[in-house]
Amino acid sequence: MTQTSIFWVDSSDRASACGMELDAVADGGPATAAEATPTGVVRVEKVRGRSAVTRCFAKYPLKIIVPSKVGPASSGAVWLYVLTYGGGIVSGDKISCAVTVGDGCTAAMTTQASTKATVGKDALLAVIPDPVTCFSTARYYQKQVFHVSGDSNLVIVDWFTSGRYESGEKWDFNSYKSVNHILLEEYQPLFIDSVLLEQGSDCTIAERMQEYNVVAMVVLLGPKLKHIQDQMQDEVKNMMSVQLRPPTSGGGRYAARPQAVQPQSPPLVASCSPFGRTGTGMVARIVAVSTESVYTFLRHHLAAVEPFLGVAPYSSS
């Protein structure tokens with residue numbers, strides 16, 4: 001699988017991803033040029049029966065860290081940490097990262113980014129970043145494109161927060177756009193998704209989002225992850241049926257009519273939907289009041305990926 005991550009930067013914009021501060025422009029105009037000249041390239045192939053990085057290149061302001069070991073050696077997964085010098089992206093930066101995961105290989109990437117990717121047969125790529133947090137007046141854009149085969153396996157977590165809401169910045173950025181495409185052979189669309197939030201003259205983002213501060217999407221694709229898909233769908237369905245069930249009053253049919261109670265919004269709302277002709281993929285969508293509640297959701301529902309990656313996603317978050 002090949003993955004290319006691209007950021008467009010504006011001097012007035014600030015955002016944060018994976019603990020880094022970054023600036024980004026949400027108008028997608030420079031995409032073609034950025035994709036043509038990636039600032040980072042990684043290739044993962046089988047070497048002596050194990051997944052190994054056979055090519056790794058990065059130029060300023062990007063740097064790619066490949067730890068020698070994450071988790072038990074038996075997992076055989078390669079972990080990629082994509083960072084920037086100085087802990088952030090500055091005005092004018094254009095960043096793209098192309099990652100190829102060869103047949104039968106396993107890799108995890110922990111950085112949020114615009115991405116173009118190609119996944120090999122029986123390969124697994126997990127894109128499991130921390131959330132993007134846009135600063136006040138920021139404009140952010142990212143695009144991820146994943147090319148997969150019929151038996152490729154893919155985990156995508158794509159999420160963002162309202163900003164530094166604990167400091168009073170809540171949905172105060174100008175715009176946020178995230179696009180995700182999963183394509184089969186010959187560019188046949190399998191999954192197309194786009195999220196766009198921008199300030200409007202009639203209604204602000206904060207007014208539309210009300211008390212919620214986090215929006216997340218989780219995509220699971222491939223035969224290796226089918227049992228995780230099924231378990232997540234069942235648990236989310238049960239969780240929401242309990243949360244959204246109207247309160248009942250005791251006393252039987254002759255009890256006094258209860259006073260009308262203003263319903264409270266659940267602190268976390270989630271839904272799951274299958275996609276693909278044979279249901280080989282599943283997308284979960286989450287909105288929540290707090291970032292920690294989404295971390296808890298991800299830790300729980302992605303814990304079963306640990307045997308493939310060697311470490312459970314977000315286990316240290």
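A nonpolar core is a set of buried Ala, Val, Leu, Ile, Met, Phe, Trp, Tyr and Cys residues joined through side-chain atoms within 4.5 Å. The legends below refer to a predicted model.

**Figure 1. The largest nonpolar core.** This core has 33 residues, and Ile128, Trp159, Val218, Leu220, Ile286, Leu298 and Leu302 touch the most other members. At least two residues of the core come from each of strand 13 (124-127), strand 16, strand 19 (214-221), helix 3 (226-243), strand 20 (268-275), strand 21 (281-288) and helix 4 (291-301). A second, separate core of 31 residues includes Val99, Val101, Phe146 and Ile156.

**Figure 2. Surroundings of valine 218.** Apart from neighbours within four places in sequence, valine 218 is in contact with Ile156, Val157, Met232, Met282, Val283, Ala284, Ile286, Leu298 and Leu302. Among these partners, Ile286, Leu298 and Leu302 are listed together with Val218 as residues that touch the most other members of the largest core. Ile156, also in contact with valine 218, belongs to the second, separate core.

**Figure 3. Aspartate 158, a buried acidic side chain.** Aspartate 158 is part of strand 16 (residues 153-161). Aspartate 158 is buried and has no salt bridge. The nearest side chain of opposite charge is that of arginine 285, at 8.2 Å, whereas a salt bridge requires a side-chain nitrogen of Lys or Arg within 4 Å of a carboxyl oxygen of Asp or Glu. The side chain of aspartate 158 does make polar contacts: one with the side chain of serine 178, at 2.5 Å, and one with the side chain of asparagine 180, at 2.8 Å.

**Figure 4. The stacked pair of phenylalanine 160 and tyrosine 176.** The ring centres of phenylalanine 160 and tyrosine 176 are 3.9 Å apart and the planes meet at 25°, so the pair is stacked; planes under 30 degrees apart count as such. Phenylalanine 160 lies in strand 16 and tyrosine 176 in strand 17 (residues 175-183), 16 residues apart, and the pair thus links distant parts of the chain. Phenylalanine 160 is buried, at a relative accessible area of 4%. Tyrosine 176 is likewise buried, at 0% relative accessibility. Both rings belong to one aromatic cluster, formed by Tyr140, Phe160, Trp171, Phe173 and Tyr176.

**Figure 5. The tilted pair of phenylalanine 191 and phenylalanine 275.** These two residues form an aromatic pair with a centre-to-centre distance of 4.8 Å and an angle of 40° between the planes, a tilted arrangement. Phenylalanine 191 is in strand 18 (residues 189-198) and phenylalanine 275 in strand 20; the pair links distant parts of the chain, 84 residues apart. Phenylalanine 191 counts as buried at 6% relative accessibility, as does phenylalanine 275 at 10%. The count of aromatic pairs comes to 9.

**Figure 6. Valine 41 and its contacts.** Valine 41 is found in strand 5 (residues 40-47). With a relative accessible area of 15%, valine 41 falls under the 20% limit and is therefore buried. Not counting residues up to four places away in sequence, valine 41 touches Arg55, Cys56, Phe57, Ile64 and Ala98. The C-alpha atoms of valine 41 and serine 96 are 8.5 Å apart in space, although the two residues are 55 residues apart in sequence.

**Figure 7. The protein as a whole.** The protein has 5 helices and 21 strands. Of its 317 residues, 50% are buried. Among contacts with a separation of 6 or more, 69% are between residues 24 or more positions apart.

Notes
Residues numbered from 1 in each chain as written. Predicted model: local features only at pLDDT ≥ 70, side-chain atom pairs only at ≥ 80, totals over all residues. Heavy atoms only, no water. Helix = DSSP H or I, 4+ residues; strand = E, 2+ residues; numbered from the N terminus. Buried < 20%, exposed > 50% of the residue type's maximum accessible area, 1.4 Å probe, protein only. Lys, Arg positive; Asp, Glu negative; His and termini not counted. Polar contact = N/O pair within 3.5 Å; in protein donor to acceptor, adjacent residues only side chain to side chain. Contact = heavy atoms within 4.5 Å. Phe/Tyr/Trp six-rings, centres within 6.5 Å; stacked < 30°, edge-to-face > 60°.
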